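Thanks for coming. I will go through one structure today, and I will keep it short. Please have a look at it first.

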Amino acid sequence: MSTLLVVDDEVMIREVIKEYGNLYNYRVLQAQDGLEALEILQKNEVDCVILDIMLPDMDGFMTCKKIKETADIPVIMLSARVSEEDKLLGFDLGIDDYVEKPFSPKVLMARVKVVIDRNLNNSAVADTIREEGIEIDNIGHSLKIDGQEVHVTNKEFELLLYFLKNPNIAISRDTLLEKIWGNDFYGFDRTIDTHIKMLRKNLGKYGDKIVTVRGVGYKFEK
């Protein structure tokens, strides 16, 4: 049985999510603020955190940052704040999904299942990842397209590997720069655009799987 942690200062919302979580066979823990959430995470194995932004004392963004610093746990932000800036900040912090209030509990449970399953799949160390005709060997550091080996630069390889590990997630340029180039990189985010262009070309007919998300960055459509 998977365990969810719901972090929201509204009791009614926590109870609704708990009720539906139990119906979908999840164990549901509750926290009314970020500090309580961090204490619960220290004592319990949690498979997904459902996190509000507007929390007392420590907001959801800071709570998410602290969670990601200590554990690789999927985080779904659930908030009435719907601005593009809030969503981008959330994805930059590493959230797995963003659900707007008011929300459908059934849809939320479906999204919970997706992020938990994806995290389980990513946790299993795979030497080779395949997606249609794309085959990437993480250990041998090689790429094949429809069985034919294709030579790409190291950064293109790392970009593709990161996309394949995070399919269907809109990823900002800043996040890609941080994950692929590191915190010490001081270039322009258009560096990403150049590498994406070359990667698409090298992927041939699969190049259009890397989709531009306007105002955000890119995502790999699986």
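Pro102 sits in the loop between strand 5 and helix 5. This is a predicted model, and in it the peptide bond joining Lys101 and Pro102 is cis, with omega at about -5°.

Lys101 comes up again in a salt bridge. Its side chain meets that of Asp8, at 2.8 Å from N to O. Asp8 is in the loop between strand 1, residues 3–7, and helix 1, residues 11–23. Lys101 is in the loop between strand 5, residues 97–100, and helix 5, so the pair links distant parts of the chain, 93 residues apart. In general, side chains of opposite charge can pair when their charged atoms come close. The structure holds 13 salt bridges.

One backbone detail concerns another loop. Asp57 is found between strand 3, residues 48–51, and helix 3. Phi of Asp57 is near 70°, which is a positive value in a residue other than glycine.

Next, the helix packing. Two packed helices are described by the angle between their axes and the distance between the axes. Helix 6 covers residues 154–165 and helix 7 covers residues 173–181; their axes come within 10 Å and cross at roughly 115°. The crossing of helix 6 and helix 7 is right-handed. Helix 6 makes the contact with Lys155, Glu158, Leu159, Tyr162 and Phe163. From helix 7 come Thr175, Leu176, Lys179, Ile180 and Trp181. By class, the residues of this contact divide into six nonpolar, one polar and three charged.

Now the largest pocket. What is its volume? The figure is about 610 Å³. The pocket is lined by 25 residues, and the closest to its centre are Lys68, Gly94, Tyr162, Asn166 and Lys179.

Which elements give two or more residues to the lining? They are helix 3 (60–70), helix 4 (84–92), helix 5 (105–123) and helix 7. Helix 5 gives the largest share, four residues. By class, the lining has ten nonpolar, six polar and nine charged residues.

That is what I have; questions are welcome.

Key:
Residues are numbered from 1 along each chain as its sequence is written. This is a predicted model: local features need pLDDT of at least 70, side-chain atom pairs count only at pLDDT 80 or more; totals for chains, interfaces and linings use all residues. Side-chain values use heavy atoms; hydrogens and water are left out. Axes are lines fitted to C-alpha atoms, for helices over the stretch in contact, and angles run from 0 to 180 degrees between N-to-C directions. A crossing is left-handed if the near helix is turned anticlockwise from the far one by less than a right angle, and right-handed if clockwise. Contact means heavy atoms within 4.5 Å. Ala, Val, Leu, Ile, Met, Phe, Trp, Tyr, Cys and Pro count as nonpolar, Asp, Glu, Lys and Arg as charged, and the others, Gly among them, as polar. On a 1 Å grid over the protein atoms alone, a cavity is a set of points where a 1.4 Å probe fits but cannot get out, and a pocket is an open set with protein on both sides within 12 Å along at least five of seven lines; lining residues have an atom within 4 Å of a point. Grid points are joined across faces, edges and corners, and a volume is the space filled by probe spheres set on the points. A salt bridge is a side-chain nitrogen of Lys or Arg within 4 Å of a carboxyl oxygen of Asp or Glu.
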